[in-house]
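Hello,

Here is the structure I promised to pass on. Have a look at it first, and then read my notes below.

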Amino acid sequence: MDLPLYWTALIAFLIINAMLLTASVLVYAERKISGFIQQRPGPNRVGPAGFLQPFADVLKLLFKEDIIPAQANRFIHALAPMIMVTIAMTVPALIPFARGVVIADIDVGVLAILALTSISVYGITLAGWSSNSKYSLLGGLRSSAQMISYELAMGTAVLSVILQAGSLNVSAIVESQRDGWAILGWHVFTNPIGALIFIVTAFAETNRLPFDLPEAEQELVGGYHTEYSGMKFGMFFLAEYVNLFVASFVIATLFFGGYLIPFEPLLLKAFPALEGSVLLGLLQFLSLLAKTCFFAFLYIWVRWTFPRFKYNQLMTLGWKYLLPIGLANVILIALGVALFA
């Protein structure tokens, strides 16, 4: 359904602020989970159980001096982190949070998501170039090579989902997973290879371990954001965690039923009054949120469990394995749709 303009504006305002708060929660969760994995306490000083530590970090970054290299391009140096944050905050507008609850329900929603996530590579590359530092430039070049390479394999995974759903509309893709009591119809069961490829490439697209070669502090000091300080560095930090959560949203939406509640048809059959109600919308949102939180936890778990790939290993995995497997999977899905749909 088409929401009135004021509802759309209100939902957009709430989502932006929710994403800002979510980034703080994810920073805290990552520190606590990593502390548990490494048998140390994690943050435990600022606030109850250290819960206010992320807010203390933001306050510190706000008051730190913004140092810009003398030979840097000042305009692009300031623009790059803005690009990263803006793109990260824009993608949730295309995700349906419940049936009919989406800011931009466009017919080419999947293509818009891929286009927006592709633009983020410019933020990293421009940050490296504008700093006039060889370390930063190398970090930016690594990033562009990595992200473009893995976007190809990601595109094959998304194409396989589009073939199954028969639509580029994100809401239609979610509804196409309603078969089998809204759980056996999930694309992770009907298209497991595509799901695996997408999850792996999502790690690479968000520059998370074991794919964080653009930063690779052992070789590149801090990578593309070496010459950033204060809140500009904080914006890169914010964009990383917002992208983490957004990627979890997209994984849940494309392959794990999105807002669909497991066994939802049986639930509606038992309680027909729920159909079209606000309570059902709330339950659908909580279903999506639970799936998203699981994948956010998976991101954190993987980061503190696996070592970083070498650069040649990273590119080999993307070009020699994921891309050919992804193309073969698209052909198999297309044949299956043509023969059995």
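This is a predicted model: local features need pLDDT of at least 70, side-chain atom pairs count only at pLDDT 80 or more; totals for chains, interfaces and linings use all residues.

Residues are numbered from 1 along each chain as its sequence is written, and side-chain values use heavy atoms, leaving out hydrogens and water.

Let's start with helix H11, residues 230–255 (helices are DSSP runs of H or I, at least four residues, numbered from the N terminus). Of its 26 residues, 22 are buried, so H11 is largely enclosed by the rest of the structure (buried means under 20% relative accessible area, with a 1.4 Å probe and protein chains only). Just after H11, Gly 257 has a positive phi of about 80°.

The largest nonpolar core has 76 residues, and Phe 198, Val 242, Ile 251, Phe 255 and Phe 256 have the most contacts inside it. H11 gives the most to this core, with 15 residues. Such a core is a set of buried Ala, Val, Leu, Ile, Met, Phe, Trp, Tyr and Cys residues joined through side-chain atoms within 4.5 Å.

Now the rings: there are 17 aromatic pairs (Phe, Tyr or six-membered Trp rings with centres within 6.5 Å; planes over 60 degrees apart are edge-to-face). Phe 245 and Phe 249 have ring centres 5.1 Å apart and planes at 80°, so they pair edge-to-face. Both Phe 245 and Phe 249 are buried. Ring pairs also link Trp 186, Phe 189, Phe 256, Phe 294 and Phe 295 into a cluster.

Best wishes

Conventions: Rings of Phe, Tyr and Trp (its six-membered ring) pair if their centres lie within 6.5 Å; planes under 30 degrees apart count as stacked, over 60 as edge-to-face and the rest as tilted. Helices (H or I, at least four residues) and strands (E, at least two) are DSSP runs, numbered from the N terminus. Buried means under 20% relative accessible area, exposed over 50%, partly exposed in between (1.4 Å probe, protein chains only).
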